[in-house]
Amino acid sequence: MSSFLRITGLMFKRSLIRIVRNPVWVMIGLFQPILYLLLFAPLLDDLPMPGFENTDALNVFVPGLLVMMALFGAGFSGFGILDDLRDGVIERFRVTPANRMALLLGMMLHDVMIFLLQCALMVAAAALMGMTANLGGLLLLFGLLALLGLMMVSFSYAVTLIIRDQSALAAMLSTLTQPMLLLSGVLLPLTLAPSIIQTLADVNPLSHIVDASRSLLNGNFDDSAILLGFGIVTVLTWLCMWWASRLFRQATA
């Protein structure tokens, strides 16, 4: 176990050094969500939203933005290992006795940490604009986001290890994430959507995670969407990590 943790820590440190040398990428990942927060959120103040009549628009909108950041931030983190694949770094791991899962987990945890840092900055910006949040719910929300981030990072790594081409990877991830975004109620609650859209959204796991995020931020702990959201993201995280680790072992076998 100590060897596993040491290898994970070394890989985490290796990935972190890249961000320390070029921290601008952290802010670039916030650019689009901040624009939505500043330019789109004010349009929702007077919009009647069924099921959210007594809730501030920011309290409805910001949880969706956080999930959107997971899709387009953590979900595209696989680009970070493309250079390692092209330069043969992943190939060199095959001659080391290091645990393959520890190598992979160290890189993943770095991406999850960056994602959570961006989420914290987003919440701080929203608070400056007047958003109020339940403290306990906010802490649980970051636990949910950590699982969601790990799920999306694992998924992105797995797709990258299969495709290994920058242009094809961008097209594939965009094709997969766009419909998930539109059917998750990120920008507007699905209570505003036609019944056919709501039916399609019910099979989208992200829509349930968005519902759970909104309930947590507003302190609605008796909402069944919270347990459903945690259950879905836990199962999907495990599956995506298993898939990514299996592909990584094959790449370094």
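Reply: In this predicted model, the second largest pocket holds about 240 Å³ of space. Its lining consists of 16 residues, and those closest to the centre are Pro189, Leu190, Thr191, Ser207 and Asp211. Two elements each give two or more residues to this lining, namely helix H9 (195–202) and helix H10 (205–217). The most comes from H10, with five residues.

Helix H3 can be considered next. H3 covers residues 57–72, and its 16 residues should span 22 Å at 1.5 Å a residue; the end C-alpha atoms are 22 Å apart, in agreement with that value. The rest of the structure largely encloses H3, because 15 of its 16 residues are buried.

As for aromatic rings, the whole structure contains two pairs. Phe72 and Phe76 form a stacked pair, because their planes lie at 20 degrees, under the cut-off of 30 degrees; their ring centres are 6.1 Å apart. Phe72 is partly exposed at 28% relative accessibility, whereas Phe76 is buried at 19%. The rings of Phe155 and Trp243 have centres 6.0 Å apart and planes at 50 degrees, so this pair is tilted. Phe155 belongs to helix H7 (residues 135–163) and Trp243 to helix H11 (residues 224–251), so the pair ties together parts 88 residues apart in sequence. Trp243 counts as partly exposed, with a relative accessibility of 28%.

Key
Residues numbered from 1 in each chain as written. Predicted model: local features only at pLDDT ≥ 70, side-chain atom pairs only at ≥ 80, totals over all residues. Heavy atoms only, no water. 1 Å grid on protein atoms, 1.4 Å probe; cavity = no way out; pocket = protein on both sides within 12 Å on 5 of 7 lines; lining within 4 Å. Points joined across faces, edges and corners; volume = space filled by probe spheres on them. Helix = DSSP H or I, 4+ residues; strand = E, 2+ residues; numbered from the N terminus. Expected span 1.5 Å × (residues − 1). Buried < 20%, exposed > 50% of the residue type's maximum accessible area, 1.4 Å probe, protein only. Phe/Tyr/Trp six-rings, centres within 6.5 Å; stacked < 30°, edge-to-face > 60°.
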